[in-house]
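Please examine the structure shown below.

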Amino acid sequence: MSTAALPASLDRLVQKFARVRDPKQGYELLLFLAKKLPEIEEGDRIEANKVKGCVSQVFINAELRDGAVYYRGDSDSQLTKGLAALLIQGLSGLKPQAITDLEPDFIKQTKLNVSLTPSRANGFYNIFKMMQGQAAQLLEQ
């Protein structure tokens, strides 16, 4: 399956997950990404940054620097934090328009939607949609 339309940073992560044969390895990779995610400031843990529709508490903050969007995030669940980390790492540094133009199809290419519980898979999608919404708001500034 081609991911040529994906930004390089996201494509690398999608390919890494697509090569995983065992769901346990996918979870281990998510936990690894979660550990690498920098801590967010307490001021980022506000209602406006809270992802709606997630069973876990997830906070995503976006800022525009030099025309590109940079994200920070955290979750009270390590697995969900790994999902957020995947998206943060894959989308940070992109122009807002590139983020708003992305289709969520790449989520299926990671194969995570198959191994995650339905509520976690839905949460992954909700995190992505929130990040797109934040990019759209930054585009209007």
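The lining of the largest pocket is made up of seven nonpolar, one polar and three charged residues. In this division, Ala, Val, Leu, Ile, Met, Phe, Trp, Tyr, Cys and Pro count as nonpolar, Asp, Glu, Lys and Arg as charged, and the others, Gly among them, as polar. The model is predicted, so that local features need pLDDT of at least 70 and side-chain atom pairs count only at pLDDT 80 or more, while totals for chains, interfaces and linings use all residues. Residues are numbered from 1 along each chain as its sequence is written, and side-chain values use heavy atoms, leaving out hydrogens and water.

Among the lining residues are L33, Y71, R72 and I88. At least two residues each come from α2 (23-36), β2 (68-75) and α3 (78-91), and α3 gives the largest share, three residues. Helices (H or I, at least four residues) and strands (E, at least two) are DSSP runs, numbered from the N terminus.

Strand β2 also contains S75. Is this residue buried or exposed? S75 is buried, with a relative accessible area of 7%; buried means under 20%, exposed over 50%, and partly exposed in between, for a 1.4 Å probe and protein chains only. A polar atom of the S75 side chain lies 3.0 Å from the backbone oxygen of Q57, and a polar atom of that side chain lies 3.1 Å from the backbone nitrogen of S77. Leaving aside residues up to four places away in sequence, S75 touches S56, Q57, V58, T80 and K81, where contact means heavy atoms within 4.5 Å.

Definitions and conventions: On a 1 Å grid over the protein atoms alone, a cavity is a set of points where a 1.4 Å probe fits but cannot get out, and a pocket is an open set with protein on both sides within 12 Å along at least five of seven lines; lining residues have an atom within 4 Å of a point. A polar contact is a pair of N or O atoms within 3.5 Å; within protein, one must be able to donate a hydrogen and the other to accept it, and residues adjacent in sequence count only if both atoms are side-chain atoms.
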